[in-house]
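Subject: the model we talked about

Hi,

Here is the structure you were going to look at.

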Amino acid sequence: EGYTVWFASHDSFRSFFRALVGSPGRPGDPQMLFYLSYMWGWVKIFGRSEEALRGANIPFFMLLMVSVEWASRRLLQQPYLWALFSLSPFVWFYLNEARPYVALTSFSAAALIALLAYVLHPAEHRSWAPWCCLISALFACGSHILGVFLIPSMVVLVAETARTDPSFRRCLWRDWWRPVLFFLPLFTILGGFYAWVSTYGVNKTTGSSGLLNLAFVAYEFLGFQGLGPPRNEIRMGIHPNMIAVYWPWLLIGAVAVTAVAGVLLRTQPPRIARTAFVSLLVGTAIEFAIFRFEHSLVLGRHMAVFFPLLLLIVMFWLAGTPSERAGRSVGGVTLVLALAWSISDARMVLLSQYKKDDYRGAASIALQKAKTTGAEILWAADPHAAHYYGITVMKDDRPSEIGSSEGLTLPVQCQATDARHWSLDDVRHYVDAREKPAILVLSKSDLFDTKRGWQAFIRQQQPALVAQLSSFSIYQIDANSPPAASGLPHRQP
């Protein structure tokens, strides 16, 4: 969210675009070209309050609901099955964030539903479905570069249908050549833009992705975010005590998912569900393989482009049950899943452990302490969110944000030192040289203290804990604190 508001707060589109593209050695964040451009315009109209920023998701959510309601009514003949999308904890979580994942999910859903409409009834939908599919896919790719992984899945869906249906093959070229010819240059331009700006470098979350990452994706997709441990607890490691705290709520989700799986496995899936499932496996495998090759960390949001496809497969499978008895079972398990997801949604909204990272509270405390004690602020968290709340984080006498700060209109109350990724030796030299107190604002250690310097200093010196907030620990380092032991030879500053 800090990235979003930082880019959107540039005063002119020229300065915004310059910051977005970046420069050699100092990359911007162009992988969300359409979304950030939209947010830049949204902020100019509605302002940059937290409510306004998150309200920017409302048009995308409406697109998602309209698309799946149409699919439920016209393709599935189940007019209420679309409500599963509206109750999904995955959708609810990102609906309350100023990030591109609701937009990505919505455009992906629109593209997939248009394609599925054509695959199921090409004669009825040939006039509009190809055009709607491709323009939605273009906006998905432009909203976030991860949208490109939807394309292999759609190609597999079309190719597999064409392989098994001769009549579909005969009409495919006739119905699609004009839309493809029209949109191909636009996709080429967008791909060329991504290729060009990637030469400046790429901002990504580095890490090693494995089966546990895919398990976490399933954890989010299946709606356990508000039933089990929050993401910030999971990232610190899963242990038996954690499960003991959440097991009654996890059991609710497990019962609901098991009930749905039991009904699905007792019925033969329709052909469209089988074909869509194959396309889902192919798209997911391609994205996961590329993430592993690039040493990037796969999280649930990175697979958001596939969430509509997964839920649509389940909906088609449930709607395809032939008998009246099976239909009653489908209605029952759908209600059970809806109830479990509603509980998950309510817990995410109401309980403190599921709160967002409290950048507002952390910045407020740091500013107040700096004002009353004259302390220097050491900021080991996202510098873009800090700037939104009035703190400019500096490194080597320049702002630490990515891209250009020219034209940035965010007000500044105080400067802070960028204390991310300090080694214990870096911490020791700072402590030895300081002449006044310091306020350390430390967020997620795996992201902002990768060299573990601050963790080691806190264990050894035990500075006073000022506040503990969601994803934040704030410490006061007094001017007369003893030097930090490092186990290394002491060097004079």
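Ser67 touches Ala110 and Ile113, leaving out residues up to four places away in sequence; contact here means heavy atoms within 4.5 Å. Ser67 sits in helix α5 (residues 58-75), and at 12% relative accessibility Ser67 counts as buried. The cut-offs are under 20% relative accessible area for buried, over 50% for exposed, and partly exposed in between (1.4 Å probe, protein chains only). Helices (H or I, at least four residues) and strands (E, at least two) are DSSP runs, numbered from the N terminus.

Two things to keep in mind: this is a predicted model, where local features need pLDDT of at least 70 and side-chain atom pairs count only at pLDDT 80 or more, while totals for chains, interfaces and linings use all residues. Residues are numbered from 1 along each chain as its sequence is written, and side-chain values use heavy atoms, with hydrogens and water left out.

On to the cores. A nonpolar core is a set of buried Ala, Val, Leu, Ile, Met, Phe, Trp, Tyr and Cys residues joined through side-chain atoms within 4.5 Å. The largest one has 142 residues, and Phe85, Trp379, Ile391 and Val441 have the most contacts inside it. Helix α8 (residues 101-120) gives the most to this core, with 15 residues. There is also a second, separate core of 17 residues, which includes Ala380, Ala456, Tyr475 and Ile477. Not counting residues up to four places away in sequence, Val441 touches Ala362, Ala366, Ile377, Leu378, Trp379, Ala380, Ala381, Phe472, Ser473 and Ile474.

Trp379 turns up again beside Asp418: leaving aside neighbours within four places in sequence, Asp418 is in contact with Trp379, Val393, Met394, Lys395 and Ser400. Asp418 is found in strand β6 (residues 414-418) and is buried, with a relative accessible area of 7%.

Further along, His421 is in the loop between β6 and α21. Its phi is near 60°, a positive value in a residue other than glycine. Most residues other than glycine have a negative phi. At 30% relative accessibility, His421 counts as partly exposed.

Helix α21 (residues 424-433) is mostly covered, with seven of its ten residues buried. Those are Leu424, Asp425, Val427, Arg428, His429, Tyr430 and Val431, and they pack against β3 (376-380), β7 (438-442) and α23 (453-461). Arg434, in the loop between α21 and β7, is buried too, at 12% relative accessible area. Arg434 and Arg126 are 308 residues apart in sequence and 71 Å apart in space, C-alpha to C-alpha.

Now the helix packing. Axes are lines fitted to C-alpha atoms, for helices over the stretch in contact, and angles run from 0 to 180 degrees between N-to-C directions. How do α11 and α16 pack? Helix α11 (residues 150-164) and helix α16 (residues 271-293) meet at an angle of about 140°, with their axes 8 Å apart. α11 passes α16 in a right-handed crossing. For handedness, a crossing is left-handed if the near helix is turned anticlockwise from the far one by less than a right angle, and right-handed if clockwise. On the α11 side, the contact residues include Pro152, Val156 and Leu157, and on the α16 side they include Arg271, Ile272 and Ile286.

α16 also packs with helix α17 (residues 307-319), at an angle of about 160° and with the axes 9 Å apart. α16 and α17 are therefore roughly antiparallel to each other; angles under 35 degrees count as roughly parallel, over 145 as roughly antiparallel, 65 to 115 as roughly perpendicular and the rest as oblique. The crossing of α16 and α17 is left-handed. Ile272, Ala273, Ala276, Phe277, Ser279 and Leu280 in α16 meet Leu309, Leu310, Ile313, Phe316 and Trp317 in α17.

Last, the loop between α16 and α17, where His295 sits. His295 has a positive phi of about 55° although it is not a glycine, and it is exposed, with a relative accessible area of 56%. Leu297 lies in that loop as well and counts as partly exposed at 22% relative accessibility.

Cheers
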